[in-house]
Amino acid sequence: MTEPSSSSASARAERDLRIAELEARLARRRVGVRPLAAVLGIVVSLALLAMQRRELAYVFSPAAPLTLGVEGDYRFDALVSNRYAQVHGIPTARGAYEREGGATYVLVGLRESPFVVRRLALPGEDWVEGRPPPSPDSRPFAIRGRLLAQEDAPRYRDALALLKGMGELQPHEGRLWLLIEGERPGEDRGRVLVALALLAFAVLNAVLLVRGLTRRWSPGA
């Protein structure tokens, strides 16, 4: 009568040992990550951060605007791309229109300058798609916003080329400059939070990568 009891106890002990081994293996997997997956996570995070570098640089740029001068007395020596700036000038007779988020925006140049301004449409600048756009408001104006060199504004490449071809602008050293109204440094906090999340994800994957490699190459692995 003792043999079945001994066999049952042995089977139970073997089963408990096997369960303990499986639990230990699962515990290691919970806190670990495959090296290839960790490296991929680091690469993707850093690549996304690199894509945001110009936007992040503007977020942390000086809040005091660069003064670019007024008509007839523009300060081309103060031109710096991706900075907050202000300028005053006389608008060109023609402009380009676009819609974004239900709002209408006008891209209009400043006469005898390399500056193109993107601003909200004013009363009287009602544009209906499919029809010729109206002439921009002709009154001189001052404006503040984000200053970008032509090559740093690929989204507006076609509009800038269109305005340049109208002959009312004077490129400085062969290029135009775009001033986007209203974009102030430090306002885009959401982008900063996303960047911090990406950085934290990269650091986490780096820690897991080091931990996984250390475990793999340890004497008891």
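This is a predicted model: local features need pLDDT of at least 70, side-chain atom pairs count only at pLDDT 80 or more; totals for chains, interfaces and linings use all residues.
Of its 221 residues, 33% are buried. The accessible surface comes to about 14,000 Å², and carbon and sulfur atoms account for 58% of that area. Among contacts between residues at least 6 apart in sequence, 66% join residues at least 24 apart.

Seven of the strands form an open sheet with mixed pairing. Read across the sheet, the order is β1-β4-β8-β9-β7-β6-β5. β1 (66–67) and β5 (91–100) are the edge strands, each pairing on one side only. Within the sheet, β7 and β9 run parallel and are joined by four bridges. Arg118 stands opposite Ile180, a residue of β9. Helix α4, residues 157–165, packs on the sheet and touches β5, β6 and β7. The direction of α4 makes about 160 degrees with that of β5.

The largest nonpolar core has 20 residues. Those that touch the most other members are Leu68, Val87, Leu110, Phe115, Leu147 and Leu179. Two or more residues each come from β4 (83–89), β6 (103–110), β7 (115–120), β8 (141–149) and β9 (177–181). β8 supplies the largest share, four residues. A second, separate core holds 13 residues, including Val116, Ala153, Tyr156 and Ile180.

Leu179 shows how one core member is surrounded. Leaving aside its neighbours within four places in sequence, Leu179 is in contact with Ala85 and Val87, with Val116, Val117 and Arg118, and with the residues Ile143, Arg144, Gly145, Arg146 and Leu147. Among these partners, Val87 and Leu147 are also listed with Leu179 as residues that touch the most other members of the largest core.

Asp137 lies in the loop between β7 and β8. Is Asp137 buried or exposed? Asp137 counts as buried because its relative accessibility is 15%, and the cut-off for buried is under 20%. The side chain of Asp137 makes a polar contact of 2.7 Å with the side chain of Arg139. Apart from neighbours within four places in sequence, the residues in contact with Asp137 are Pro91, Arg119, Leu122 and Glu125.

Definitions and conventions. Residues are numbered from 1 along each chain as its sequence is written. Side-chain values use heavy atoms; hydrogens and water are left out. A nonpolar core is a set of buried Ala, Val, Leu, Ile, Met, Phe, Trp, Tyr and Cys residues joined through side-chain atoms within 4.5 Å. Buried means under 20% relative accessible area, exposed over 50%, partly exposed in between (1.4 Å probe, protein chains only). Contact means heavy atoms within 4.5 Å. A polar contact is a pair of N or O atoms within 3.5 Å; within protein, one must be able to donate a hydrogen and the other to accept it, and residues adjacent in sequence count only if both atoms are side-chain atoms. Accessible areas come from the Shrake-Rupley method with a 1.4 Å probe; for residues, only the protein chains shown count as cover. Two strands pair if DSSP finds at least two bridges between them. Axes are lines fitted to C-alpha atoms, for helices over the stretch in contact, and angles run from 0 to 180 degrees between N-to-C directions.
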